[in-house]
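Dear colleague,

I am passing a structure on to you, and below it I have set out what was found. Please keep it open while you read.

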Amino acid sequence: MLLFLTIVSSVSYAQTSNVAPTLTAIGNQIYCPGSSIKIATNMSIVDPDDTGIDTVFIQISSGYIFGQDLLTLTGFHPNITSSWDINLGKLTLTGLFSQPTYTELELAIEAIEYSNSSINPSGIRTFSITIGQANYLPSNGHYYQYIPNIGITWSDARIAATTNTYYGIQGYLATITAADEAQLAGEQSSGAGWIGGSDEQQEGVWRWMTGPETGTLFTFTLWNTGEPNSAGDEDYTHITAPGVGIPGSWNDISNTGATSGFYQPKGYIVEYGGMPGDPIIQIATSTTITIPTITSTTPITICASGVVTLQASANVPVINWYANSAGGTPIATGASFTTPFLTNTTTYFVDAFPIGCATGTRTPITAVINAIPVIAVNQPNAVCENDSITINTSTTAGVINWFSSLTSTTPIATGTSFTSPPLTQNTTYYIEGDNNGCRSFNRIAIPIQVNPKPIVTDENLILCQTKTLILDAGISNVSYLWSTSETTKTIQISSPGIYTVTITSLPQGCSSTKTITVVQNEIPVIDEILIDGTTATIMVTSSGDYEYSIDGINYQTNNVFMVAEGGLYYAHVREKNECGTDFENFIIITIPSYFTPNNDGYNDLWIIKGLIYYPKAEVKIFDRYGKLIQQLNSTNYWLILFLRCYEK
């Protein structure tokens with residue numbers, strides 16, 4: 001955004017009898033940071049009818065930075081005095097004792113020096129030199145004048161601006177269409193004032209309503225600082241008063257503005273230039289000082305070694321190349337520099353300052369020489385099946401990429417170490433060194449042999465109580481390591497438990513672990529035989545996998561037996577895995593519920609079977625009245641019964 005020069009009256013600067021002077025300045029130059037430099041190497045003022053003028057204004061009209069830029073009158077000029085306005089960036093030369101002559105003013109202008117207090121300044125400074133108080137903008141040749149008028153409305157200011165002329169140039173409310181114009185009419189303005197924008201025709205559509213830009217759209221992005229808010233009747237553009245908000249900002253307010261305070265109109269800004277029929281005058285001239293800046297650099301990267309061409313650009317024509325960051329003489333000039341043959345990364349430096357400028361900062365630009373990686377493999381060549389393998393490598397530069405094939409383009413891993421997934425078959429990996437795009441010449445193949453592991457089968461074994469058992473690893477010609485620390489193919493144990501043996505193939509070293517679970521079975525011990533009628537149940541006190549029999553021949557897993565008739569029997573219990581046996585006899589007594597002594601050969605006798613094994617047993621027979629009929633013992637009861645039945 002742009003500032004304005006000084007406050008002047010609204011009188012016309014039209015000249016009718018006096019011929020305006022012609023100003024010409026020479027001196028577009030390059031600035032060395034920290035130094036002072038003349039703004040013009042030659043200044044000429046030509047006037048056919050006058051020899052001098054009261055005042056000349058020199059303003060930094062483009063690129064001005066408040067607090068850094070300074071114009072100073074140097075040398076001895078007895079009839080001229082200078083004053084510097086830091087807000088406007090303007091130096092004023094006036095006569096001290098009398099009106100200065102053009103010659104005196106020319107010498108004074110040639111003695112004005114520009115300086116900047118920043119360590120690293122940048123940009124371009126344009127200096128306007130004019131005999132009038134209106135600000136001169138060299139980029140468009142227009143003049144800008146702030147006219148104070150407290151309380152004037154936008155509509156009245158629009159009309160009033162057209163009544164002003166400047167050396168015959170038609171005035172109008174200022175329109176802002178460029179960044180340097182915005183700075184001159186905003187930041188460097190000496191007061192708050194109307195400019196020519198409005199959305200009165202269509203709410204929210206802002207247009208310039210004055211000058212040659214009448215009807216064109218207002219470009220907010222050029223200098224917008226948050227406005228417009230388009231509230232109510234706020235339809236007109238107004239430069240905000242100095243010291244309020246962001247310097248040079250603008251606001252949308254009503255046609256009348258506020259009656260007091262910051263948003264009360266204090267005047268308006270008139271722009272001169274660009275209207276049809278305007279005369280051509282040369283009451284102003286300009287020079288520029290460019291602060292050199294390297295705008296871009298193009299570093300180059302190559303592999304191994306070679307010659308490279310570095311590129312740089314600047315905002316001035318001449319670029320200097322140096323071998324060091326400070327001091328020395330240029331090794332080349334121009335936008336490009338071809339290096340000598342390089343084997344290592346080398347940094348050069350560029351600037352665009354005049355030769356001998358020791359205060360400017362040089363920009364580094366590097367020719368990067370990337371070494372071709374040399375890679376080595378600490379290569380294991382075998383792994384056991386279903387195991388992973390870690391492969392370690394090294395490289396002289398960059399990184400190592402791992403690939404699954406010789407031609408694949410996508411790495412499966414990156415780094416000096418790679419751990420494979422579990423492998424079941426022979427596999428080949430490939431590695432390639434990459435140092436910032438500089439690759440090793442050929443991929444290195446890393447074949448991995450997958451060796452089988454010993455095939456083992458877990459076992460469940462029975463250990464008989466009080467006995468020993470031989471455990472066998474089951475594979476010969478391998479190494480063994482039992483959980484008991486023994487290293488033989490077989491071991492002898494006497495206790496139940498879980499035993500493992502690690503079996504390792506020779507010489508491959510692949511191992512499998514076999515697990516043998518040993519369960520101890522106890523020797524059967526018959527505790528008792530429960531008799532319930534003709535049912536016998538064999539009870540044991542021990543635990544195990546047993547079989548039962550009552551004839552010693554036929555065995556069953558059920559310990560319950562149904563006996564057909566009484567008699568003496570033998571209960572047998574054996575462990576299924578031949579861990580021992582036990583036996584015990586038992587007697588079953590069967591008493592017939594009836595007998596038919598008719599001598600037909602069926603049930604003629606009433607015999608209690610099994611009673612014979614109880615010698616002291618007695619049988620007493622009673623009639624229905626409870627009278628004892630007969631008393632029998634184990635030796636005579638069947639005979640007596642037979643005889644009596646026969647007699648009947």
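**Disulfides**

Cys464 and Cys579 are joined in a disulfide, with their sulfur atoms 1.7 Å apart, where a disulfide is taken as a pair of cysteine sulfur atoms within 2.5 Å. Before going further, please note that this is a predicted model, in which local features need pLDDT of at least 70 and side-chain atom pairs count only at pLDDT 80 or more, while totals for chains, interfaces and linings use all residues. Residues are numbered from 1 along each chain as its sequence is written, and side-chain values use heavy atoms, with hydrogens and water left out.

The torsion about the S-S bond of Cys464 and Cys579 is about -75 degrees, so this disulfide is left-handed. The pair links distant parts of the chain, 115 residues apart, with Cys464 in strand S38 (residues 459–464) and Cys579 in the loop between strand S48 (567–575) and strand S49 (581–588); helices (H or I, at least four residues) and strands (E, at least two) are DSSP runs, numbered from the N terminus. Cys464 counts as buried at 11% relative accessibility, and Cys579 counts as buried at 1%, where buried means under 20% relative accessible area, exposed over 50%, and partly exposed in between (1.4 Å probe, protein chains only).

Cys32 lies in the loop between strand S2 (29–30) and strand S3 (36–38), and Cys357 in the loop between strand S27 (346–351) and strand S28 (363–370), so the pair ties together parts that are 325 residues apart in sequence. Both Cys32 and Cys357 are buried.

A further disulfide joins Cys303 to Cys438, S to S 1.9 Å, and with a torsion of about -95 degrees about the S-S bond it is left-handed. Here Cys303 sits in strand S22 (residues 300–303) and Cys438 in strand S36 (residues 438–439), 135 residues apart. Cys303 is partly exposed, with a relative accessible area of 34%, whereas Cys438 is buried, with a relative accessible area of 1%.

**Around S48 and S49**

S46, S48 and S49 form an open sheet of three strands in the order S46-S48-S49, with antiparallel pairing, two strands being paired if DSSP finds at least two bridges between them. The edge strands, each of which pairs on one side only, are strand S46 (546–549) and S49. Eight bridges join S48 to S49, and Arg574 stands opposite Thr581 in S49.

Glu578 lies in the loop between S48 and S49 and has a positive phi of about 60 degrees although it is not a glycine. Glu578 is exposed, with a relative accessible area of 67%. Asn477, in the loop between strand S39 (469–472) and strand S40 (479–482), likewise has a positive phi, near 60 degrees, and counts as exposed at 73% relative accessibility. Most residues other than glycine have a negative phi, and most peptide bonds are trans. A cis peptide bond joins Leu506 and Pro507, with omega about 5 degrees, and Pro507 is found in the loop between strand S42 (497–504) and strand S43 (511–521).

**Other strand pairs**

Strand S29 (residues 375–378) and strand S31 (residues 390–395) pair in the antiparallel sense over four bridges, and Ala376 stands opposite Ser394 in S31. S31 also pairs in the antiparallel sense with strand S34 (residues 417–419), over three bridges, and there Thr390 stands opposite Thr419 in S34.

**Nonpolar cores**

The largest nonpolar core has 52 residues, and those with the most contacts inside it are Leu93, Tyr114 and Tyr268; such a core is a set of buried Ala, Val, Leu, Ile, Met, Phe, Trp, Tyr and Cys residues joined through side-chain atoms within 4.5 Å. Apart from it lies another core, of 17 residues, among them Ala332, Phe337, Ala352 and Ile365.

With best regards
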